[in-house]
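Take a moment with the view below, then follow along.

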Amino acid sequence: MTSTLASNLTSSQVYYKVEAYTASEKAGKILYENGITPVYVSDNPVLNSQHVVFEAAKAYANGLPYHVALAGVTSASAELLGLGERVGKIKEGFDADVVVWDSDPLSIAATPVQVWIDGAPQFENPVELKKPQTQPIKPDLNLQRELTRMERAKVIFTNITRDLRAENNDMFSESVNVIVTNSEITCIGTCKDEMVAATNDNFTIVELQNGYLTPSFTAFGSSLGLLEIDAEKATHDGGFNDASFPRAVDGLALDGKQLATAFEHGTIKAISAPSTGTIEAKGVSVGFLTGSLSTLDIGAIWLEEVAVHYPLTQRTKSPSISSSVGILRGKLLAATKPKKKDEKKNEELYSEDYYLRLVVSGKLPLVISVHKADTIAAIIRMKVTIDKAIAKEITPSKKPTKLQIVILGGAESYLVAKELAAANISVVLAPLLPNSQTWDERRSLPGAPLSNGTAIDVLLDAGVLVGIGVNEIWETRGLHTMAGWAWRNGEGRLTEKQALALVGSNIYQILDIKESSSLSEWLIWDGNPLEIGARLRGIGSNGNTVIWI
Amino acid sequence: MEKTYLDDLPSYDSVVRQWSKKRRSRRLIRVTVIVSILFAAYYFTQISKYSINSSKGLSVSKLQEQHASCQSLRHVPVDPSGPRLFNKRWVNGTKPILIKNATVWTGEPSPGTSEEDARRGIGYNWATSDVLLNYGLIVKVAPNINATDLPEDYETYDAKGRQLTAGIVDMHSHAGLEGFGGLGDDTNELSGDITPYVKSLDGFNPIHPEIQSIKSGGVTTSLILPGSGNNMGGEAFVVKMASGKSNGRAEISQEDMLADPDKTWRYMKMACGENPKRVYGRTGRGPYSRLGEAWEFRHALEQAKKFVESQDNWCRAANRVGAENMGEYLPSDLRWESLGAVLRGQVRVNTHCYTIPDLESYVRHTNEFKFRVWAFHHAHQTYLVPEILKRAYGGTPAAALFADNSK
C-alpha cells in the first residue's frame, strides 16, 4: 500500500511527461483561492474539445466552486481573450452564442440539444437523447473540503443508502451502516449490536451523507504498471518488437504515482499487456492489484497470464495490415496442428507458439488491438478459418472449443456490430469516446446531437458483450465517470449496476476469467459514482482499508 | 439551412459598407459635390505622390502616410464593448429566435451581490427565463418576454425548462490545423524556434469535420493556437465554430469565422520547457536546454524591442522635423512586427509553461521586456507558485488547465 503522505495536494496526480509529474487535480481550486483565475481547455486534439465542458465538471468535482468552474469554460475564458463584453454570458448586448443542454452542463455526459452562433441555429436535425429531465446541480460545498487519507483496520461507514454490488434489490429501505475489519465487511444493515461493540472497540467512523457501496474497478488495456511517465522511455518497460513475445508480469513496476492515483480513484485492479502507452500491445497480459508495492506481495498478482495480445493498427502493421493479419492467421493455424513426438520434447515454454497453442485450445483469450472496421472484418473472417481448423485438428480428441477473440479499442467496431455479435466476439472500447484522431478511427461516432448515440449504444443493441477500457493511463482515474457516461446517455440500455460492470465484471466475463475475491474488494462513495461530485471515502482491498475523512 | 432575405435589414455586405439608403431628393446635388471633392482629392494626391523628397529621393506622400500611421502603431486596444445595434457577424436572413421557457445561467451574480459573496458563488443562480436573439445579439433576457417586445417574423424554440448557457469557450485548441484522421498537420512551423511572424489562421481549415463535432459539445468559440514546438509559435486567432451556409454563414472562409471582425486584439502562442528542447536540441544546435530557451526568448524580444524603438524614434523625428523631411522611410520588418506588437501591448500572449523554472524564467522575461502574458497554459505547477505569477508584468496571468489529464 502506498504511503499515506501521498494525500491531499499530491494525491491525484497524473504524469504524461516529467513536466507534469507534480500536477494536481486540486490545482484549479488552489489557484482560485490564491487569486489566480483557472480556466479549462482541451488542447484539441490532446483532449477532444467536444468535451471540454467535462473538464470544468471534473474541476467542480475536485473542489473548484461551481460558478468558477462554469466560468472557466465561458466568461473567464472570454475575458482572457478580451471579449468579456461580447462572449461567455447570457446578457443583453452579448453575441447570440447560446447552448440549450439536456442536463446541467457540469453533469456527466451533458449534451447540447441545440447550439446557436450569432443567432443562427447550428444543427438542422439535432438528435435529442431520451433522458429524464433533471434539475440543475445544487452546488455541493462539501466538495471544497479537503479530506485526509488514512489506513485503518477497523472502520464504520454510516448512512449507506445503496449497495450496487448486490444482485437484486440494491436499495436499503433506510440508510444503513457498514462495519469493516481488515477490509472484510462484517456487517451491513442497522447492525445494532455490532455497532455498540464496534464503537466500544474504537472503530473509526466515516460519516456519509448518501453512501454508495460499489464493486471496485478494473483498468484493462492500459500500460498501467509498465509505464510511469508517457514521454520518458526510462520509465517504460519498453514495449515489444517482432521477435519478442513478452509477459507483462516480467516487466511490472509497481509503487508508482500512476498506480497510486489509479488506486485512489477506485481502480483497484488492472490488466496490462506489454505496450508503450496506447492500446497497441503484444505479448501476455497480467492481472494485478494497483495498490501493491512489488509483484512479490501476497495477492499482488492475481492472475499471471490473462490473455494473449496482438496489435493490428496502422502504427504497428508490419509491413502491411494484410501481411500482419496473414502472419497471425498462419501462426494460429500452425498452433492448431498437433506436435510430433520429438517436437513435444523440445517444446519451448513461454514462447509465442506455446501461448498460441493455449489460445487455440481455448485456455487463453486472444485480444487484438484494433480500431478500424475493415480490419475487424478481416479478423472475423480469420476466426472462421481458425475455428474450422480447430474443429478439424483439436476438437475431435478434446472438448469442443472456439477461438475466443476480444477487440480492444474498437472505435469503428459499431459498423460491424451484428457480425461481431454473431461471431461471439466481445469489444472493450478504449477509449469510450474516440474522436477520429487517426485514420483507423475516422468513422468514430461523436454522439448527440450529431449522431444517434456512440459506438457503445450500437454494440449493446446488437447484443455484443462490451467493456470500457482505457487508451492512455490518465483515463484509469475516471473509470466510474466513463461508466456514468454510458449510463446517462444510454437511453435506458444500462442499469447503474450494468454500467459499473462495464469497468468491472464485464471485463472478467469477456476474458473468461473468474474475478478474484470480488466481494472482499469494495468501494464506498459519498454520492453516486456515476454522477459528478461523488467522492471516494473508502477502499477495501487485499486485507487493507483506506479511508478519507 | 434555407435562408430568406429581409429587405429592410442590413445584409452582411451592407454591414461592412454601412447603410446607404437615403432619400432621393437632393441626391443629385450631393453626388455632384462628392464627385468634385473626390476629383480634387485625387488630383492633389497625384501631385504629392510624385513630389519627391529632394535630398533622398523618397516619396513625400508615402512618408506622410507612414507618419499618419504612427498613432495606430502605438494604439493599445480596449476590449470591444457589448451593446450594439447589431453584431457585425450577423448574417442578414438569420431569423430572430425566441427561446422560451429555459433555465438560464447568465454567468453573472444577481445585481447588488457584493464582490466577496460573488467570489463564493452567492448570487449565482439558474433562473427560468426567455431569451430573445436578433441581429446576432442577445437582445432580451427576461421571464415571459412581452409580445410587444418581439420582432416580426421570429421563430420560437421551446427549451422545455432545460438548462441554457452561453456557448462554451475553449481558449486552447488546435482544431482545424491537423488534417482529418491525423493526415497532414499544420500545427507547428518547425522551420525555426522563433516564429512569432507565422499565423495559425494560414493553416486553418474551415471545413475540417471536427469543427462540427466540437460544436456538438457546445463549443462556440475557440482560440486556435499554433503548437508548442517552438518557443515562439506564432499568432493565434479567436474563431466562432460556424462555417458555411449550413451553419448560417454567408460563406466558407477563415476570415468569416473570426470572432471579432474588427480584430481588436491580436493573440500569440509561446511555449517553454520540454517541447522546444526536444524539437531542436542537438549538440551544436539549440535550444538544447532551458538555458538556451531563455536566451531564445530574450534575444527575440531584444530584436523586437530594437525594432519598436526604431519605429518610435522615426515617429518622434517626423513629429519634430515634418514627415516630408525624413531621410528614410518608417522602419518595417515582418519578422519582428508581431513581436513588436506584443511589446506595444496589442497582443494577448498565451504561453505553454509547466514547471517552476519555466514559469519563473518567463515571468522574468515579461518584466525585463515589459509585456504582459495573459495566461499560462498547462501550467501544472502554477498551484505551487502563485506568488511568482503575481510578479508577472502588467497583471497576474490566468492558468489554463486540464482537470486531470496532465499532458
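A disulfide is a pair of cysteine sulfur atoms within 2.5 Å. Keep in mind that this model is predicted.

Q: How many disulfides does the structure hold over all chains?
A: To count as a disulfide, two cysteine sulfur atoms must lie within 2.5 Å. Over all chains, the number of such pairs is three.

Q: Which cysteine forms a disulfide with Cys187(A)?
A: We look for a sulfur atom within 2.5 Å. One lies 2.0 Å away, and it belongs to Cys191(A).

Q: Is the disulfide of Cys70(B) and Cys315(B) left-handed or right-handed?
A: These two cysteines are joined with their sulfur atoms 2.0 Å apart. The torsion about their S-S bond is about -85°, so the disulfide is left-handed.

Q: How many residues apart in sequence are the parts that Cys70(B) and Cys315(B) tie together?
A: Cys70(B) sits in helix α3 (residues 60-73) of chain B, while Cys315(B) sits in helix α7 (residues 290-321) of chain B. The pair therefore ties together parts whose separation in sequence, in residues, is 245.

Q: Is Cys272(B) buried or exposed?
A: Cys272(B) forms a disulfide with Cys353(B), their sulfur atoms 1.9 Å apart. Buried means under 20% relative accessible area. Cys272(B) has 3% relative accessibility, so it counts as buried.

Q: What is the pairing of the bonded cysteines of chain B, numbered in sequence order?
A: One disulfide joins Cys70(B) to Cys315(B), and another is formed by Cys272(B) and Cys353(B). Numbered in sequence order, the bonded cysteines of chain B have the pairing 1-3, 2-4.

Methods: Residues are numbered from 1 along each chain as its sequence is written. Chains are lettered from A and ligands numbered from 1 in the order in which they are written. This is a predicted model: local features need pLDDT of at least 70, side-chain atom pairs count only at pLDDT 80 or more; totals for chains, interfaces and linings use all residues. Side-chain values use heavy atoms; hydrogens and water are left out. Helices (H or I, at least four residues) and strands (E, at least two) are DSSP runs, numbered from the N terminus. Buried means under 20% relative accessible area, exposed over 50%, partly exposed in between (1.4 Å probe, protein chains only).
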